[in-house]
Amino acid sequence: MKSKLIIISMALLAACTGNNKKSDAYGTFESTEVTISSESAGKLLSFKIDEGQEIKKGDTVALVDTIQLSLKRDALVSQMKAASDKADYITAQINVLEEQKKNSGVEKARIDKLFKEGAATQQQVDNINGIIAVYDKQISSIETTNAPVLNEVDAYEKQIAQYNDQIKRAYIIAPGDGTVLTKYAEESEVVTTGKALFKFADLSYIYLRVYVSGAQLSQVKLGQKVKVLIDKDEKTNTEIEGIVSWISSSAEFTPKIIQTKEERVNLVYAVKVKVKNDGTLKIGMPGEVNF
């Protein structure tokens, strides 16, 4: 009898120990991956990055040929200059007439004063008023002529701005820090607008996506610190601290490749745990979590 009790106790102890070693949820590590595509068409003049290479935000990682764009822009710049010179000439004419009108205004003030004193005739008053009216008509006529020229200059400026923007987009700039995961093109290849060039991800922080059942959901909260376990060798694990950064708002069917604490429950909730990566964690690597 005593022997049986010992065996039962050992079995219970083993069962308890096994349960303690069992993690609350299982999953794989992933990262936010960003695919960078070409915003212009042409030959890749420069594309000097490799898979696994670290890139920094603001780095120019590729350049698409901009010769044709530059030539078209330069042609527009010349046309705009010609239109601008024409507008300047018309403006100079207006300025001359404005100066003449100003002098006539001074003469008009003198004649009006003499007319009040009886030293000038009505004809003199009418003549000076007529001269000023002619200047006004001439100025108005030239301004009407100048309006289309100014509109033409404005149109050239906008077209040039469009070409400058297209040329700027030919320079592929890294939008953030990260590691190049995949290259989809090589230097000297001809690419089209929208062609994927490379994919990168910031691996300084990585996410463990796990799935929990509805019964476990009450144990999980946003911002909660949890224990993340990864394989150290065949028998032992390495423990890392993680933070719950996202909890799915709706349930989904259990993915076939995912284990849960409860055996194959029908519906589970996805949870992301953010973990600081010292370089040992890789995308697709399995992991466990204890809440």
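The model is a predicted one, in which local features need pLDDT of at least 70 and side-chain atom pairs count only at pLDDT 80 or more, while totals for chains, interfaces and linings use all residues. Residues are numbered from 1 along each chain as its sequence is written, and side-chain values use heavy atoms, with hydrogens and water left out.

S9 belongs to an open sheet of 4 strands, whose order is S2-S9-S7-S4 and whose pairing is antiparallel; two strands are said to pair if DSSP finds at least two bridges between them. Strand S2 (33-37) and strand S4 (54-55) stand at the edges of this sheet and have a single partner strand each, so one side of each is left without a neighbour in the sheet. S9, which spans residues 196-201, pairs with S2 in the antiparallel sense over 5 bridges. Within this pairing, Ser37 has Ala196 as its bridge partner in S9, and Glu33 stands opposite Ala201 of S9. Strand S7 (residues 178-183) also pairs with S9 in the antiparallel sense, over 4 bridges, and here the bridge partner of Thr182 in S9 is Lys199. In a regular strand, the side chains alternate between the two faces of the sheet.

A further strand to follow is S10 (residues 205-213), which is mostly covered, as 7 of its 9 residues are buried. Strand S1 (residues 25-30) pairs with S10 in the antiparallel sense over 4 bridges, and Gly27 has Val210 as its bridge partner in S10. S10 and strand S14 (residues 267-276) pair in the antiparallel sense over 9 bridges, with Lys272 in S14 as the bridge partner of Arg209.

Ala83 counts as buried because its relative accessibility is 5%. Leaving aside residues up to four places away in sequence, Ala83 touches Val149, Glu152, Val153 and Tyr156, contact meaning heavy atoms within 4.5 Å. Tyr156 is 73 residues from Ala83 along the chain, and the C-alpha atoms of the two are separated by 9.0 Å.

Technical notes
Helix = DSSP H or I, 4+ residues; strand = E, 2+ residues; numbered from the N terminus. Buried < 20%, exposed > 50% of the residue type's maximum accessible area, 1.4 Å probe, protein only.
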